[in-house]
Amino acid sequence: MKHLLNLLAAIALLVWGTHMVRTGILRVFGANLRSALSHSLSNRFSAFASGLGVTALVQSSTATALIVSSFVGQGLVALPAALAVMLGADVGTSLMAVVFSFDLSWLSPLLIFVGVVLFMARQSSNVGRFGRVLIGLGLMLLALRLVTASTAVLTQAPAIKSLLGSLSSDLMLEITVGALLAVVCYSSLAIVLLTATLAASGVVPAEVALGLVLGANLGSGALAVLTTARSAVEVRQVPMGNLVFKALGVALAAPWVGLWMRAVQPYIADTATLVVLFHLSFNVVVAIVFIGLTNGIARGVERWLPRQPRGQGGPLDRPQHLDPSALATPSLAISCAAREALHQADVVETMLRGVLDVIVRNDLRLAEDLRKLDDTVDQLYSSIKYYLTKISREALGEEESQRWTDIISFTINMEHIGDTIERVLIDIEDKKIRPGRSFSEAGMAEIRELHERLLSNLRLGMSVFLNGTVHDARKLLEEKARFRDLERAYSRTHLARLTDKTVPSIETSSLHIDLLSELKRINSHICSIAYPILDSAGALAPSRIRESKFDELG
């Protein structure tokens, strides 16, 4: 029992080491890897080469599939080129299996020691993240050595010898088990290395090991499909096409497994090497056979998973930029959240722009449509907030952590503005449109002036959020004081019209005063965008904070 537990622990350590290497590489080089992929997709052969190189670093064809899928989802890459990348990715992970099949256990202590020193010294920097990669590599090598030691003891037990002697090759069962293991462990590379080690130790026969390797390849494709199951159709097409490649490859290779082993085994004495070379041969042959068929497979996948026509399906109803594959690269995930926050601000601008049309045209239907947009603003806020909570804060540097906070603050302000506009629209419907009242000419001119300033300030606020310049942030804060002064002046002129007994002003007095107050509140939320920028730059005066609190009370 003790030796079996040691084996299971070693397997878990292998899977964890693979995870650490994959996430560490993505955090350090994620942006560069995505850039390299996006700039090398001019033809299928360069796409194949880029997929091979990136996956050799990341050690996960699934991670590459998620990155390329996001490109296709954003319309940056054609599906055939993305499928060529995936063929290269499968060859890349096969090459890494060959590298790890050599006895590199002597490197394990050195890698772990150096990795821990780098990680503990500078955890939040790229140096610390690279240390995490070294720790992962060291753990993988250590785990492979532990697997070998544990299986060597287990195979000496009489019960295990009897069990191994009764094993017979059932190719379909082996493929199924290999696929399930790859999905459960989230890594076909770990399963292939484990299978090679177990085969070398005599725990599984070589014929069974080759069947497990075919299953691990199939499971890798299924894993990417499962990971993107809830994504947009465009994103799901790449994993589905890659799964088609793998399924066809397994179907073609299965009848020839025995023949391949009989032809190669006399020249390769080491069983582990035999297993990883079979894995490499399988993916190389699949790449050669299907590299010229990417267009045909792409057309088939597009018929199976047709894209929705542009402009249909309510583009404002769902997040557009929150890319799940970017979560492994925090800097990219932060950029995705920022883009979605700007999308939320665009919806708020649409609502704000429409308020004046509702007032001028007494358009109840437009008012209802604009109020429905507040639900979109709330949904976007929830989606962005949830997406940001999935980003590892430990992996963020100081600047990225500040940006994380800025995005949260920005989306909260946009959500408050949306709620305020909804209240304004309800008041306009109940106190102006349905009773059939109108603002005085002077009152309407004041509302137009404040509305125009609000739109201008909102655009400036979006610019401050996007660029983070102190100059624009100061300008936005100055606009807060100007808007407050205008609101007070227009309140006094409205009271003067009441004194003069101007009938429209009397009829709409309650709405007019409330509207001025709500517009000032909206402007305060817009100007709040400037505070984090000025605070992080050390340009926020304490008196400004006290003034801001006074404004809220007054």
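1. Asp472 is buried (under 20% relative accessible area; exposed is over 50%, partly exposed in between; 1.4 Å probe, protein chains only). Yet Asp472 has no salt bridge. A salt bridge needs a side-chain nitrogen of Lys or Arg within 4 Å of a carboxyl oxygen of Asp or Glu. The nearest side chain of opposite charge is Lys475, 5.8 Å away. For charge, Lys and Arg count as positive, Asp and Glu as negative; His and the chain ends are not counted.

2. This is a predicted model: local features need pLDDT of at least 70, side-chain atom pairs count only at pLDDT 80 or more, and totals for chains, interfaces and linings use all residues. Residues are numbered from 1 along each chain as its sequence is written, and side-chain values use heavy atoms, leaving out hydrogens and water.

3. What does the side chain of Asp472 make a polar contact with? The partner is the side chain of His471, at 3.4 Å. A polar contact is a pair of N or O atoms within 3.5 Å; within protein, one must be able to donate a hydrogen and the other to accept it, and residues adjacent in sequence count only if both atoms are side-chain atoms. Asp472 also touches Leu460, Ser463 and Val464, not counting residues up to four places away in sequence. Contact means heavy atoms within 4.5 Å.

4. Asp472 sits in helix α19 (residues 470–499). Helices (H or I, at least four residues) and strands (E, at least two) are DSSP runs, numbered from the N terminus. The protein has 23 helices and zero strands.

5. The salt bridges number 17. One of them joins Glu446 and Arg497, with the closest N and O atoms 3.0 Å apart. Glu446 lies in helix α18 (residues 441–467) and Arg497 in helix α19, 51 residues apart. Glu446 is buried at 8% relative accessibility. Arg497 is buried too, at 10%.

6. Glu479 and Arg482 also meet in a salt bridge (2.8 Å, N to O). They are three residues apart in helix α19, about one helical turn. Glu479 is buried at 12%, while Arg482 is partly exposed at 39%. Salt bridges that share partners join Glu449, Arg453, Glu478, Glu479 and Arg482 into one network.

7. Arg434 and Asp430 form a salt bridge as well (3.2 Å, N to O). Here Arg434 is exposed, at 52% relative accessible area. Asp430 is partly exposed, at 43%.
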